[in-house]
Amino acid sequence: MDTYYIDGKFVSEHASFISVKDIIVLRGFGVFDFLITYAKRPFHLEEHVERLEKSAQQIGLQIGLTHEEICAIVRETVARNPHHRESAIRILYSGGISSDGLNPEGRGILMVLVTQKPESAPHLYTEGAKVITVDAARFMPSAKSTCYLSAVLATQAAKRQGAVEALYVDRDCRILEGATTNFFCFIGERLITPCQDVLSGVTRSVITELARKLYEVEDRDVYLSEVGQMQEAFITASNKEVMPVVRIDAQQIAKGCVGERVKNIMKAFRNYTDSFGQGKARLRLPGSAVGAGHRKEMANLP
Ligand SMILES: Cc1ncc(COP(=O)(O)O)c(C=O)c1O
């Protein structure tokens, strides 16, 4: 049985309750973050907590705990679940009680849910995955709010069509990101990834840093009309890591198999997560305050 942290207490998963009057239940008003462990170390925990704090700030939610307190609670919750080979960690902060369902009245609550890390099917990494596109874009895309209606609908649509992910395409026909992933593609010599109107994925930041050592990386809008020019593509997320994409809707990417450059990036990511798990490497990610003051474990890549 898993142990969760709910509003100041460590409790078993079956005894974890929150009020139905919390606006996170009534309206999906809250923020969350998701990460996994490598060798039981939460991967870039500080950046995930930093993103949670930024998400809260963006929706006007005040978190009543410090950055260090949240990190310590997450580490303690992981330690209280030693039966997991690796863990998946959900950190949530609710809007708090709301009698009218619109105005939060008081403090929100912190929840940390630690479960066994799920594994994606290995063939998706060797043969590549199919994704679909959906006409949608997230409201406040840089915030990871618990209001994930578009993601739930998009993911169900993907599943119905035998795809692993749905890419949001906005009214300007830009491919933005997946329902729960960021998107990358190779066009010519360059690795391109959309950076506007997307969630700043922690995996995306790590991949961008690693890939810069191998290829020219460009942050720019990517259009649906460019799919035919893509030679390789992949999606990234904490749980999916680097997943090659070989088909977008009915269009096959190049020869429809996993390309050499994506394989190199997958290998670089695996080497990095192995080193991270051993406590040997930790990248300084751009745009993060982590490392400026409160990061303890800092080392350069080997
Ligand atoms: C909309 C969206 N984009 C991208 C990501 C990937 O983010 P990360 O790499 O930090 O897991 C997620 C993760 O859930 C997401 O929900």
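Modeller: Let's start with the word pocket: on a 1 Å grid over the protein atoms alone, a pocket is an open set of points with protein on both sides within 12 Å along at least five of seven lines, while a cavity is a set where a 1.4 Å probe fits but cannot get out. This is a predicted model, where local features need pLDDT of at least 70, side-chain atom pairs count only at pLDDT 80 or more, and totals for chains, interfaces and linings use all residues. Residues are numbered from 1 along each chain as its sequence is written, and side-chain values use heavy atoms, with hydrogens and water left out.

Colleague: How much space lies in the largest pocket?

Modeller: About 750 Å³. Volume here is the space filled by probe spheres set on the grid points, which are joined across faces, edges and corners.

Colleague: How many residues line the largest pocket, and which lie nearest its centre?

Modeller: The lining has 37 residues, with Phe-34, Ala-179, Thr-180, Asn-239 and Lys-240 nearest the centre. Among the elements giving two or more residues are β3 (30-38), α2 (45-58) and α6 (202-212). The largest share, 5 residues, is from α5. Helices (H or I, at least four residues) and strands (E, at least two) are DSSP runs, numbered from the N terminus.

Colleague: Why do you say the largest pocket lies between domain 1 and domain 2?

Modeller: Because domain 1 (3-116) and domain 2 (123-277) both give residues to its lining. The bounds come from an automatic or database domain assignment.

Colleague: What makes domain 1 and domain 2 count as being in contact?

Modeller: Contact means heavy atoms within 4.5 Å, and 23 residues of domain 1 meet 22 of domain 2 that way. The area buried between them is about 1,900 Å², with 64% from carbon and sulfur atoms. Buried area is the accessible area (1.4 Å probe) that two parts lose on being put together, summed over both.

Colleague: What makes Asp-221 and Arg-174 a salt bridge?

Modeller: The rule asks for a side-chain nitrogen of Lys or Arg within 4 Å of a carboxyl oxygen of Asp or Glu. Asp-221 and Arg-174 sit at 3.3 Å, N to O, and so pass. The pair joins distant parts of the chain, 47 residues apart: Asp-221 is in the loop between β12 (216-219) and β13 (222-223), Arg-174 in strand β9 (residues 174-178). The structure holds 21 salt bridges, with 0 between domain 1 and domain 2.

Colleague: How many cavities of 30 Å³ or more are there?

Modeller: The count is 1, with a volume of about 30 Å³ for the largest cavity. Its lining includes Gln-231, Cys-257 and Val-262.

Colleague: What classes make up the lining of the largest cavity?

Modeller: There are 8 nonpolar, 2 polar and 1 charged residues. Ala, Val, Leu, Ile, Met, Phe, Trp, Tyr, Cys and Pro count as nonpolar, Asp, Glu, Lys and Arg as charged, and the others, Gly among them, as polar.

Definitions and conventions
1 Å grid on protein atoms, 1.4 Å probe; cavity = no way out; pocket = protein on both sides within 12 Å on 5 of 7 lines; lining within 4 Å.
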